Amino acid sequence: MERRVKRHSAVRGEVTPPGDKSISHRAAILNSLANGTAKVTNFAPGADCASTLSCLRALGVKIDAVSTQPPTIEVQGVGVRGFTEPDVILDAGNSGTTMRLLTGLLAGQAFFAVITGDASLCTRPMGRVIHPLRLMGGRIYGRNRDTLAPLAIKGQELRGLDYTLPVASAQIKSAMLIAGLFSQQKGRTVVREPALSRDHTERMLQAMGVKVTAEGPVVTLMPPAAPPKAIDVHVPGDISSAAYWLVLGAIHPDARVRIKGTGVNPTRTGIIDVLLNMGARLKVENERVINNEPVADLVIESSELTAANIEGELIPRLIDEVPVLAVAACAARGTTVIKDAAELRVKETDRIAFLVAELSKMGASVEELPDGIIIRGGGKLNGARCSSHGDHRMAMALGVAGAVADGETLIEDAGVVDISYPGFWQELERLTAHLAEGG
Ligand code: S3P
């Protein structure tokens, strides 16, 4: 599907972003491992979390969709030993989180399973999750000398492990913590990261009664004597989806948008810190805590942005927001340097290469670094024919660019937003439902 986007005279209104994708995956997986039944409200509506549900169902977990407004599921936990051998190949679709977290779960089961994904996921690095899980006792094999999916997993008795991750990664950390739940009395699991990645797994396990402690980027899990307790979860809005409206509001000359009920976990709010630093007129209001996760409303108004340096420990706190932050940097006065972000090359696409290619088509002055991008901002963006390359976050970032550019932008393969934000294009239309420029 192609999408045409052009600038409108104003951006106004309220938005409720879809439920957080990372928290939704965890609410489904961890409640499946728990004892008891749990309701998860505002479950993320995109295809990625649907992949997690279909894999869990194939492993014998009963999950019912009990309402659509907001999307709500009921998960009947089977306990750590209650999963059953799947008679199909598990399909994680486009979702790295599904594949990596479930590999941690499958490593500790008393059966055999195969998990695969789409063409993009089958090129993404899996050696990084296979390696520590093997050290915990798992038997996991994959293509390309055990580095790529499909993965074949023969579950085993696992033991705890003290392991230093080569890169900050919530997916690997979470896979290890889930595997650590199966290590029974065989030692604690310690995960050391170079910088703290999102900590939703730790928070949810704590709320389920599991002994998990964190000291900066070092997380320790004691193997529980009993399975985690099922907990109802109300999933906050996804800050990674709110990010598109934050940037559009900041860089459009006549904008005011209120984004309601957004998760503001400090391991995810790098985008807020950077935008404030760039001079955005952004307010965080009505802060509260729901299910051990901080939530707030965000209000953004047209702003005069200046460039920023985005690097180091900030990177894991905004890794998924780099595509749209690059668009903000195009509009900002001065030169923005994004570095220490080589991980972007192994996301749904090589986001460094494709951001440079697509933003260049729109007239931006961008330069590729091995681990980032240099953006000379302040010039105009021009409408152009662009492609998402099948990457949901690229499609939405280009949508925001198109909504401030001169002329029309055509985005190829724009339907891919359904991975994390079905309804994104309709929301963009609703917020910009004003007279077209000059009209
Ligand atoms: C996620 C972690 C991040 C992020 C991804 C979702 C998660 O990846 O990019 O979209 O839910 O754990 P890392 O494993 O690189 O942290």
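Residue numbers start from 1 along each chain as its sequence is written, and side-chain values rest on heavy atoms, with hydrogens and water left out. As the model is predicted, local features need pLDDT of at least 70 and side-chain atom pairs count only at pLDDT 80 or more, while totals for chains, interfaces and linings use all residues.

Helices (H or I, at least four residues) and strands (E, at least two) are DSSP runs, numbered from the N terminus. An open sheet is built from four strands in the order S4-S5-S3-S14, with mixed pairing; two strands count as paired if DSSP finds at least two bridges between them. S4 (62-68) and S14 (233-234) sit at the edges, each pairing on one side only. Within the sheet, S3 (residues 37-41) and S5 (residues 71-76) run antiparallel, joined by five bridges, and Val 40 faces Ile 73 in S5.

Then there is S9 (residues 148-154), which pairs with S7 (residues 112-116) in the antiparallel sense over four bridges. Here Ala 113 stands opposite Ile 153. S8 (residues 139-142) also pairs with S9 in the antiparallel sense, again over four bridges, and Arg 139 stands opposite Lys 154.

S8 and S9 turn up again around helix H4, whose buried residues pack against them as well as H3 (96-106), H5 (143-146), S10 (162-164) and H6 (170-180); contact means heavy atoms within 4.5 Å. Those buried residues of H4 (residues 127-135) are Val 129, Ile 130, Pro 132 and Leu 133, where buried means under 20% relative accessible area, exposed over 50% and partly exposed in between (1.4 Å probe, protein chains only). Just after H4, Gly 137 adopts a positive phi of about 115°.
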